[in-house]
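Subject: Structure handover

Hello,

Here is the structure I promised. Please look it over, then read my notes below.

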Amino acid sequence: MLTYKKLFDNPGKLIRFTGLNVIQFKTLAERSKPLWDEKERKRLDRDGRVRSVGGGRKYHLQTIEDKILLILVFYRTYCLYEILGWVFNLDPSNICRMIEKLMPILEVAADPTLKFALKDILRKRKKVRSFEEFAKLYPDLVELVIDSTEQKRKRPTNKKKQKNFYSGKKHQHGFKTQIVIDKKGRIVNVSKSYPARVHDKTLLIKERTLDKTPEDIKKLLDKAYVKIQKLYPRHTIFIPVKRNRWRRTLTRSEKIKNTLLSKKRVKVEHGISRMKKYQILYQVYRSKEKEYNQHFKNIAALCNFRLAFKRMDSS
């Protein structure tokens with residue numbers, strides 16, 4: 001049976017199994033314990049429960065460390081519940097129920113600010129009179145990079161769903177999710193997950209992402225968001241110059257501008273790459289459709305959690 005104690009003796013394997021080192025894993029477990037205890041207290045004290053508190057079978061994974069290890073290994077490998085059952089000496093149905101209980105806890109434990117980060121930026125900007133003062137106080141929030149990512153899913157059996165989830169760009173069925181990243185690479189917002197047929201610009205308008213951000217903060221977008229400036233003329237938006245059938249070539253200055261913009265926008269590509277190190281966001285998604293967005297937010301919170309430790313080490 002795989003336990004956290006066995007992996008603590010081999011830190012290299014712990015990183016490969018979970019993506020976290022020993023200190024990061026212990027910190028995440030310490031943050032998760034009060035959240036788990038509160039969730040269990042509500043479950044045991046709920047109305048209509050016949051048994052008294054303390055009755056019933058105990059969890060096979062008794063420590064919070066083993067519980068966190070289970071969901072991290074699931075995210076990192078995205079293997080079948082049957083395989084995880086062999087590894088953790090549990091029935092596949094117990095694995096499934098445990099992961100469902102841990103899902104809402106992990107995001108709050110890893111990065112409790114992710115859910116409100118975009119609103120927090122707007123609140124901070126309103127407190128400061130000039131943009132120059134805001135740039136001095138919060139240099140990381142001067143630029144925001146916005147992009148969407150797709151992930152392949154199993155083809156739906158419903159014909160209407162097949163049409164909605166089919167991506168004409170990727171030629172596959174999938175989900176599309178938008179993320180916003182600050183100047184240092186931290187994910188500050190994760191949108192709802194939409195069918196892959198929805199265009200990036202449509203997703204941006206539906207989520208009202210630009211309405212939730214200050215107008216004078218720079219927003220770096222790619223060519224999928226062409227002409228979005230017409231809908232938001234007051235916002236500071238930067239989009240690469242695109243060739244078309246009337247303009248076959250770009251001038252040297254336009255090429256240089258596109259290169260400089262790409263060097264700044266590459267942060268969002270790095271962020272997506274870090275997230276897709278977790279196989280649940282890289283392989284064909286085969287779990288419940290309604291749980292996909294929560295899985296995505298959990299991975300985003302874990303990436304922010306790891307990034308925070310890297311900043312501490314560098315400073």
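By class, how many nonpolar, polar and charged residues are in the lining of the largest cavity? The lining has one nonpolar, no polar and three charged residues. (Ala, Val, Leu, Ile, Met, Phe, Trp, Tyr, Cys and Pro count as nonpolar, Asp, Glu, Lys and Arg as charged, and the others, Gly among them, as polar.)

First, the ground rules. This is a predicted model, where local features need pLDDT of at least 70, side-chain atom pairs need 80 or more, and totals for chains, interfaces and linings use all residues. Residues are numbered from 1 along each chain as its sequence is written, and side-chain values use heavy atoms, without hydrogens and water.

The cavity
R274, C303, R306 and K310 line the largest cavity. Its volume is about 30 Å³. Helix 12 (residues 292-314) gives the largest share of the lining, three residues. (Helices are DSSP runs of H or I, at least four residues; strands are runs of E, at least two; both are numbered from the N terminus.)

The aromatic rings
There are 15 aromatic pairs. (Rings of Phe, Tyr and Trp, its six-membered ring, pair if their centres lie within 6.5 Å; planes under 30 degrees apart count as stacked, over 60 as edge-to-face and the rest as tilted.) F175 and Y292 form a stacked pair, 4.3 Å centre to centre with 15° between the planes. F175 lies in strand 3 (residues 172-181) and Y292 in helix 12, so the pair ties together parts that are 117 residues apart in sequence.

Best wishes

Notes: 1 Å grid on protein atoms, 1.4 Å probe; cavity = no way out; pocket = protein on both sides within 12 Å on 5 of 7 lines; lining within 4 Å. Points joined across faces, edges and corners; volume = space filled by probe spheres on them.
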